[in-house]
Amino acid sequence: WLKTYYPQEFMAALLTSEKDNTDKVVKYIDEAKRMKIFLGAPDINHSQLEFSAINKDGQDQILFGLGAIKGVGEAAVESILEARAEGEFKDIQDFINRIEPQKVNKKVIECIIKAGGLDHFGYTRRALLEQVETLVETAKKGSSLKKDAQFSLFGDDEEVTAVELTLKNMEEFDLKSLLDFEKDTLGFYVSGHPLDGFRDVIDAINYTLSSEVENIEDGSSAIFIGKVEEITKKMSKKGSQFGLVSLMDFHGNIEMMLFSDKLEQLEQMDLDEPIAFKVKVTHTEMFTRISVTKIMTLNEAKKEA
């Protein structure tokens with residue numbers, strides 16, 4: 001009932017309740033996208049500590065919380081929310097002049113920028129990142145003026161304590177770089193997903209999501225589709241080479257094992273494209289082993305029974 005009539009609030013609460021379980025969060029994010037719910041990057045003027053359901057620019061959406069940004073500690077978030085309680089930040093200069101640089105330091109500002117938290121102010125993430133030293137120095141000057149003003153005739157007057165900030169806007173990073181930043185700072189892709197352009201083709205194939213691996217019967221076969229993120233080569237005790245592949249799909253990452261012949265085949269394929277892996281799944285008491293039996297392009301996977 002809640003999911004039907006209050007979908008944003010329901011999914012925001014679900015995401016918050018599972019915020020420390022990356023696998024479940026990725027699954028719920030994908031579910032929200034399929035429900036046509038817009039998922040927004042953190043916003044310095046609208047995000048709370050956790051996920052929240054809001055109406056922004058006339059659009060119902062779920063916003064990432066500032067507390068979800070890796071590298072931004074709770075003290076920094078509390079400091080930002082405390083400053084914002086006096087009113088929304090009017091622009092980037094207002095934000096920089098009102099933060100406490102001891103708590104909202106260079107690393108925190110960089111992480112907020114990469115996560116999209118300062119997009120609201122109209123500067124590209126590249127412009128803000130490349131001029132982050134200017135932001136930090138301005139924040140320090142503003143903080144120093146506030147301390148001096150406390151003992152002056154004018155007190156904490158904004159006209160006296162505000163430091164002017166001049167920034168140059170720049171062309172934005174490409175989408176891949178933006179997505180990589182979001183993955184690094186949030187653990188998830190927000191502005192899109194590297195597989196989004198292939199979703200229709202992938203959905204036409206009978207495949208299994210990484211989140212469903214535990215439901216596959218022992219000894220059964222399945223097809224996983226995604227983007228190869230990493231290949232690690234290893235040697236067995238018998239001296240033969242094998243590889244471990246980290247595959248990213250819509251619900252997260254999964255690790256698969258493949259022997260030398262399949263390893264050579266994979267290395268000759270275009271790793272910028274999604275790849276389909278037919279695998280055998282073996283469950284033991286200690287772990288689940290996923291062994292690759294066949295590697296295919298998406299077109300080849302369409303024909304696979």
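A crossing of two helices is left-handed if the near helix is turned anticlockwise from the far one by less than a right angle. The exercises below use this term on a predicted model.

**Exercise 1. Describe the protein chain as a whole.**

Task: State how many helices and strands the protein chain has, and what share of its residues is buried.

Solution. 
Step 1. The secondary structure consists of 13 helices and 8 strands.
Step 2. Of the 305 residues in the chain, 46% are buried.
Step 3. Along the principal axes, the C-alpha atoms fill a box of roughly 80 × 50 × 40 Å.
Step 4. Take the contacts between residues at least 6 apart in sequence: 58% of them join residues at least 24 apart.

**Exercise 2. Describe how α6 and α10 cross.**

Task: Find whether α6 and α10 are parallel, antiparallel, perpendicular or oblique to each other, and name the residues that make the contact.

Solution. 
Step 1. The two axes cross at roughly 125° and come within 8 Å.
Step 2. Angles over 145 degrees count as roughly antiparallel and those from 65 to 115 as roughly perpendicular. The angle here makes α6 oblique to α10.
Step 3. The crossing in which α6 passes α10 is left-handed.
Step 4. On the α6 side the contact is made by C111, K114 and A115, and on the α10 side by F181, E182, T185 and L186.
Step 5. Sorted by class, these residues are 4 nonpolar, 1 polar and 2 charged.

**Exercise 3. Describe how α2 and α3 pack.**

Task: Find how helix α2 (residues 7-17) and helix α3 (residues 22-34) are oriented to each other.

Solution. 
Step 1. Their axes lie 9 Å apart, and the packing angle is about 165°.
Step 2. The cut-off for roughly antiparallel is over 145 degrees. Helices α2 and α3 are therefore roughly antiparallel to each other.
Step 3. The crossing of α2 with α3 is left-handed.
Step 4. Helix α2 contributes M11, L14 and L15 to the contact, while α3 contributes V25, Y28, I29, E31 and A32.
Step 5. This contact has 7 nonpolar residues, 1 charged residue and no polar ones.

**Exercise 4. Find the buried side of helix α4.**

Task: List the buried residues of α4 (residues 74-84) and say where around the axis they lie.

Solution. 
Step 1. The buried residues are A76, V77, S79, I80, A83 and R84.
Step 2. They cover an arc of only 160° around the axis, so they are on the same side of α4.
Step 3. The face turned away from the buried side carries the exposed residues E74 and E82.
Step 4. The buried residues of α4 pack against α5 (92-98) and α6 (106-115).
Step 5. Take S79, in helix α4, as an example. Buried means under 20% relative accessible area, and S79 is buried, at 8%.

**Exercise 5. Classify K36 and D200.**

Task: Decide whether K36 and D200 are buried or exposed.

Solution. 
Step 1. Exposed means over 50% relative accessible area.
Step 2. K36, in the loop between α3 and β1 (38-40), has a relative accessibility of 76% and counts as exposed.
Step 3. K36 also has a positive phi of about 65°, although K36 is not a glycine.
Step 4. D200, in helix α11, counts as exposed at 67% relative accessibility.
Step 5. From D200 to I216 there are 16 residues in sequence and 24 Å in space, C-alpha to C-alpha.

Note on methods
Residues numbered from 1 in each chain as written. Predicted model: local features only at pLDDT ≥ 70, side-chain atom pairs only at ≥ 80, totals over all residues. Heavy atoms only, no water. Axes fitted to C-alpha atoms, helices over the stretch in contact; angles between N-to-C directions. Helix = DSSP H or I, 4+ residues; strand = E, 2+ residues; numbered from the N terminus. Parallel < 35°, antiparallel > 145°, perpendicular 65-115°, else oblique. Contact = heavy atoms within 4.5 Å. Nonpolar A, V, L, I, M, F, W, Y, C, P; charged D, E, K, R; others polar. Buried < 20%, exposed > 50% of the residue type's maximum accessible area, 1.4 Å probe, protein only. Arc of directions from axis to C-beta.
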